[in-house]
Amino acid sequence: MSTYETEVLLVGAGPAGLTLAGDLARAGRRVTVLERWPSINPSSRAFATMARTLEVLDARGLAEDLLAHSATTQAVNLFAGAKLDLTHLHSRYRFGMVTPQTNVDQALERYATAQGADVRRGIEVVGVTQDGDGVEVTSRTKDDDDSSHRTIWRATYLVAADGAHSTVRSLLNVGFPGKTVLSSVVLADVLLTDGPRDGGLTLGSTREEFGFLAPYGRDERGGAWYRSMTWDRRHQLPDTEPVSESEIVSVLERAMGHELGVLEVGWHSRFHSEERQVRQYRRGRVFFVGDAAHVHSPMGGQGMNTGIQDAANLAWKIDAVLGGANAEILESYHAERHPIGRRVLRQSGLMMRSVVLHPRPARWLRDRIAPRALARPWIRDAIAGSFTGTALRYARARGEHPLVGTRATEVPLVEGRLTELQRRPGFLLVRERDRAPLIIGALAQARRTDDGPALLVRPDGYIAWAGPSDDDGWRAALARWTGTKAHQPTAT
Ligand SMILES: Cc1cc2nc3c(=O)[nH]c(=O)nc-3n(C[C@H](O)[C@H](O)[C@H](O)COP(=O)(O)OP(=O)(O)OC[C@H]3O[C@@H](n4cnc5c(N)ncnc54)[C@H](O)[C@@H]3O)c2cc1C
């Protein structure tokens, strides 16, 4: 039996695992990803990448290229003319990117391997143990049942990024409480000549069914490809039952209320949707990220987005602790990300339930209230900010500046976009507009062009401290998060 050692071991090369692997490798850590499938999952599930995730991708140099090959949407068209307008988002990305998940997965895998992560495919994890010093994982080559061919991997930390049916979760007996919320949902790629007129993400529903269309792009035959999602209350079948093309087309056209000019139905699949979340995102030296930690209805396009942001939150903390920071900071991963996961479950569940509402009076009320509510700027911006992740903030301690826990992405800087500066990992000190550089060793610095306070920005783009730069507070915050002390600030 061969044994390998590394610093961080990851199970699962989906978007969450690949983001984490790339970030850790970029920070100089030895990281190995074990993935069961020999190539990237071709069943492209996610179609919408939201503004906050685009910012995260930009901080890894991936957003521009992905956007150059993707469609975008400026709104989500809901029921009865209600529309979630994304054009007022407080972000450089005032839209959603619509592209098959495989494209995002491929970009993240290129990022992870370019940074030096060791991504091993065709390897399935079958055993996990941990002790005070580290974790030990047993793997086999996929489908090789000969136990003498097993490989042992040792690492300081293990991250379970192995999806909704997480093997690591089962091996460690970690519960995944929740329930099935919608069954017999059909996903398909459809080529239409008469798709939704304004081209964005579009939802249509009757009392008995719903249809959803996400535009992927034009086709030389004169139509456009869409990812469709359909559901029919009267046609509930197990996931294993085949899907017929007529089932897709008839539900879609009834839900949208008009003929769609279907030229072709491509890949399709039936699935069911669950709402579940692990109670603790950490079990000793093992962390749960992405779908291994939370699953929910695909309404609102949240799963991949949330998983990528889980990874961005955890990676720099593991790096800091491996670099000498107090291991207690790892607790902040659960403290910060679990409430976000719970909110995503609630939000996507609420959206799903409002789409499949059955009683006529409730639908009537929904159709009256939703368009009016979403036309009010403060409601529109609160909901759009929450769905796209731009309004997300982490809790701050009592007495901390109100900006602590918010993202710094939109702060105007002399040096350019924050997300460009963050392609170099580590904390960043943003000085006030009139403040000369400080002599503080290796800590990166930038200068803001507006009148705001100095900021200490975490590697994931959130503000760790705010105040005047000649205050000692930022040095205390830096020491708390990283264990490193910066020199006394001196103006040059
Ligand atoms: C219909 C549908 C539509 C969706 N639309 C959206 C959307 O628009 N936007 C959005 O954000 N999200 C969407 N999602 C959710 C999104 O697809 C998932 O949240 C996302 O793929 C989760 O990423 P992950 O990295 O956590 O896990 P996964 O992508 O599931 O990756 C886990 C990996 O772990 C591997 N693995 C598992 N067990 C082992 C083992 N024992 N050994 C080795 N490897 C293992 C698997 O092979 C897999 O590659 C949608 C989902 C569905 C079903």
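Because the model is predicted, local features need pLDDT of at least 70 and side-chain atom pairs count only at pLDDT 80 or more, while totals for chains, interfaces and linings use all residues. Residues are numbered from 1 along each chain as its sequence is written, and side-chain values use heavy atoms, with hydrogens and water left out.

## Helices that pack together

Two packed helices are described by the angle between their axes and the distance between the axes. Here, axes are lines fitted to C-alpha atoms, for helices over the stretch in contact, and angles run from 0 to 180 degrees between N-to-C directions. Helices (H or I, at least four residues) and strands (E, at least two) are DSSP runs, numbered from the N terminus.

Let's start with helix 2 (residues 51–58) and helix 7 (residues 303–322), which pack at an angle of about 45° with axes 9 Å apart. That makes the pair oblique; angles under 35 degrees count as roughly parallel, over 145 as roughly antiparallel, 65 to 115 as roughly perpendicular and the rest as oblique. Helix 2 crosses helix 7 in a left-handed way, meaning the near helix is turned anticlockwise from the far one by less than a right angle, whereas clockwise would be right-handed. On the helix 2 side, R52, T53 and V56 make the contact, and they meet N305, I308, Q309 and A312 of helix 7; contact means heavy atoms within 4.5 Å. Sorted by class, this contact has 3 nonpolar, 3 polar and 1 charged residues. For these classes, Ala, Val, Leu, Ile, Met, Phe, Trp, Tyr, Cys and Pro count as nonpolar, Asp, Glu, Lys and Arg as charged, and the others, Gly among them, as polar.

How many residues of helix 2 are buried? The count is 8 of the 8, so helix 2 is largely enclosed by the rest of the structure. Buried means under 20% relative accessible area, exposed over 50%, and partly exposed in between (1.4 Å probe, protein chains only). Among the buried residues of helix 2 are R52, E55 and D58.

Helix 7 also packs against helix 1, at an angle of about 30° and with axes 8 Å apart. Helix 1 and helix 7 are therefore roughly parallel, and their crossing is right-handed. Residues of helix 1 in this contact include P15, T19 and L24, and those of helix 7 include I308, A311 and D319. The contact divides into 11 nonpolar, 2 polar and 2 charged residues.

G22 sits in helix 1 (residues 15–26) and is buried, at 0% relative accessible area. Leaving aside residues up to four places away in sequence, G22 touches Y111, A112 and Q115. G22 and A311 are 289 residues apart in sequence, but 9.9 Å apart in space, C-alpha to C-alpha.

Another pair is helix 9 (residues 360–375) and helix 10 (residues 377–388), with an angle of about 95° and axes 5 Å apart. That makes helix 9 roughly perpendicular to helix 10. A373, L374 and A375 of helix 9 meet P377, I379, R380 and I383 of helix 10. This contact has 6 nonpolar residues, no polar ones and 1 charged.

## Salt bridges

Side chains of opposite charge can pair when their charged atoms come close. A salt bridge is a side-chain nitrogen of Lys or Arg within 4 Å of a carboxyl oxygen of Asp or Glu, and the count comes to 39 salt bridges. Here are some of them.

| Pair | N to O distance |
|---|---|
| R121 and E109 | 2.6 Å |
| R254 and E209 | 2.9 Å |
| D450 and R448 | 2.5 Å |

R121 is in strand 9 (residues 118–121) and E109 in helix 4 (residues 101–115), 12 residues apart. R121 is partly exposed at 21% relative accessibility, whereas E109 is buried at 16%.

R254 belongs to helix 6 (residues 245–256) and E209 to strand 16 (residues 209–218), 45 residues apart. R254 is partly exposed at 39%, and E209 is buried at 4%.

D450 is partly exposed at 26%, while R448 is buried at 6%.

Which residues are linked in a network of salt bridges? They are D58, E64, R92, R417, E420 and R423. E420 lies in helix 11 (residues 418–421) and is partly exposed, at 34% relative accessible area. The C-alpha atoms of E420 and G61 are separated by 7.4 Å, although the two residues are 359 residues apart along the chain.
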